[in-house]
Amino acid sequence: MTTRTGWLSAGLSIALASALIATPAMAQAIKKGGTLTYMIPADAPPSLDGHKENTFATLHATAPFYSTLISINPDNPSSSTDFVCDLCTEMPKPTDDGKTYTFKIRKGVKFHDGTPLTAADIAKSWQYIVHPPKGVSSARASYMVMVDSVESPDPETVVFKLKFATSAFLPALADPFAYIYKKDILEKDPAWYEKNVLGSGPFKFVEYETGQSVKGVRNPDYYHEGKPYLDGFTAIFAAKQSVRVDAIRADRAATEFRGVPPSARDELVKELGDKITVQTSDWNCVNLLTPNQKKKPFDDVRVRRALALAIDPWKGAPALSKIATVHTVGGLVFPGSPLAANKEELQKIVGFGTDIEKARAEARKLLKEAGAEGLKFELMNRNVDQPYKFVATWAIDEWSKIGVKVTQRVLPTGPFYEALRGGTFEVAVEFNCQNMVNPLLDVAKVLPRSVYPENYGGYEDPKLIELYNSMLKETDPAKQRAKMRDFETYALDTQVVTIMTPWWSRIIAHRSYMKGWKISPSHYLNLNLANIWLDK
Amino acid sequence: MTAVTDDTIAVRRSWHDAALGFCRRQPLGTFGLAIVVIAALAGLSAEWIAPYNPTSNDFEAMTQPPSLAHWLGTDQFGRDLLSRIIYGARTALIIGFVSAFVGGFAGLVLGVGSAYFGGTTDLILQRVMDVLMAFPLIIMALAVVAIFGTGVQNVIAAITVPLIPRCARVIRASALSIREVPYIDAARTSGFSHARIILRHMVPNVVAPFLIMLTAFVGQAILAEASLSYLGLGVQEPTPAWGLMLQGGAEEYASTAPWIAVFPGLAIALTVFGFSLFGDALRDAIDPKLRER
């Protein structure tokens, strides 16, 4: 018996060892060639300029054409600390008490027009991102408040000097929107990249049909040896989810990189079995219900507070998670992050209480006090099914329970952003979607627009800025967490500058032949397609 | 003398007799009218007959199949489908009737005016109509919504605009022949104003084709509204609207909860079918040539 067991164990060991040996070997058997077709779940982006835009529609269409200085590790994209060089040669160690980062740049990198990419191009791109000249829009300037200067002392060196040391710098530097543009073009016409594409990334631009599709072909001069594996890609815009799911089902597309709802995942798995692979992750994304404080009666904090009190996230989140890409109740900070509020802390904030009837009674009282009984308003939303429209339908019903009547205005992405930026809305379903889980910067979304250009609440609040700056410069984790609570309480409870909805849950269903891609907590990350190959 | 007496009797025939006559001669049209009346009654009395609040979410009852509690099942938010369809009738009929009447009357005015004044006025108006007619109804409606945005009022505008030239063209054709008849010349020579001649002598003579077109327009408008809502460009959640219900249900739950899409689809099909049957029958009843057959 012992002998037999011994043989069995030995046999199993050999089999296991063979499997262990075989797995890496199989994983390395990358097949080159083929064209990846994927769907972009949006209509035409406002522009193709990554520096200016904040929407995934721009990124999903253009990321494969561009390089960045550093990026998240594509083999470990769930990590919030694992960064790798893209254009640099090695990740630098900070000097000058953490205030100076010196990057050495790869030699021989070329833009797709054949001209060399140097440190000057990187420095100029980052200068425009950090300190955009007058008339130039940078959606990420506010993330880089810690940066004092960006210089290129020689063609192979870029130096970032910070105003203060902060752990938020490197994650901010790995921003996937931070495309490296050509210095000459930027200086000549900073708006050129809004309608044109010229990068140095793994794929060369072929064509863009506005709101229809984007095509790219393999860049033979790509500096990461052997990559990309694909011959090219075609990205097809389709705002309607049914179109995208049908495309994946019929194998007209391999996937979409944003996320599908549970119903679509179940449908695809049921119909396609092992031909579909599902990857899931928490998602560093949340819809915000933001009142425009430049419009009455939303300038009255009692009205904003009433709107927050009417919503029951604890009951809504589990129900919505069955039909929409949302899952977790949370405050300003990505749930699960060490800086996030725990349940007990959350419940002290308005709109997160557990006695919803009491909260709604208080909401009615506040509306009466504010002279806003029978309030009617228009909720502006984006023409994206998941989860925008689901969240809106839920919120409208919740508000109806305190006697507030809400109609909805749905706009395509371009006009939606125009309306947000122009302040032509009463309350908007907007979002805070970040790439890296970098709470210190992620929460900057609620800072006034004078500090954070993508804030649309129409308010100025020096105290909020002061609380934020104090937190950003704090290096002690415990004190930083306490300051985050102060900041969060002031934003969500004292001023109610926005109303949180459940945080998103990311589900990617892709054809099983699509290999080499790993999910991350953001639909902005890991999208340059350089690692993807087709097992066909 | 005898003939005059018969005509007088015919004119004085009661509504009751006329309705019975219509039902006897036009059974299909009567069926269509019945559908239209049922839809109208449902829309008008939605508050009293709908078993549930059509916009109230019930997370305990998400995607439930038809049952005694929910005769037509529930949607993904747990909302009662029967209640949403009943309220949706109101949305469909409001948009259908308002678009058809506004578009129809604008077309009537332009069509009769164009025929009556003729010359340069007619030329310019008809070229404008040609341009508008060059676009299919739904494309034109899409363009209007793209410019002015979504919402009930904008959807009504979007559907009304393309209906105007369609009505104006038909009415003009009828009005052109009326313009040449002697009593119009007589009215002119008597010194009657243009408005009086148009309103009292021309418009009554184009009422028959106008009414027929109106019924057809209501059906077209309902279909256009459903199409716009289905495309996400019409009425928006949580307003109950049939096309919108199709959009939400047909896309995600076609295989797992087909009732979400089937019942609103049936409501659209039946109502448009009803208007179509009624319109055909009305034409047959009003047109003297067809009436004699």
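I take two strands as paired if DSSP finds at least two bridges between them. The model I am reading is predicted.

**Entry: chain A overall**

I started with the secondary structure of chain A. It comes to 17 helices and 18 strands. Next I looked up the radius of gyration of chain A, which is 24 Å. The globule rule gives 24 Å for 536 residues, so chain A is as compact as a globular protein of that length. I then checked the box around its C-alpha atoms. Along the principal axes, they fill roughly 70 × 70 × 50 Å.

How much of chain A is buried? I found that buried residues make up 53% of the 536 residues. I also looked at contacts in chain A between residues at least 6 apart in sequence. Of these, 70% join residues at least 24 apart.

**Entry: strand S11 of chain A**

Which strands pair with S11(A)? I noted S16(A), residues 499–511, and S15(A), residues 427–433. S11(A) itself covers residues 276–291. With S16(A) the pairing is antiparallel, over 10 bridges. Here I found Thr280(A) opposite Ile507(A). With S15(A) the pairing is also antiparallel, over seven bridges. There, Asn287(A) has Phe431(A) as its bridge partner.

**Entry: where chains A and B touch**

Last, I turned to the contact between the chains. Chain A gives 23 residues to it, and chain B gives 19 residues. What kinds of residue does chain B bring to the side that touches chain A? I sorted them into 11 polar, five nonpolar and three charged.

Note on methods: Residues numbered from 1 in each chain as written. Chains lettered and ligands numbered in written order. Predicted model: local features only at pLDDT ≥ 70, side-chain atom pairs only at ≥ 80, totals over all residues. Helix = DSSP H or I, 4+ residues; strand = E, 2+ residues; numbered from the N terminus. Contact = placed C-beta atoms within 7 Å. Nonpolar A, V, L, I, M, F, W, Y, C, P; charged D, E, K, R; others polar. Rg over C-alpha atoms; globule rule 2.2 N^0.38 Å. Buried ≥ 20, exposed ≤ 12 C-beta atoms within 10 Å, placed from the backbone.
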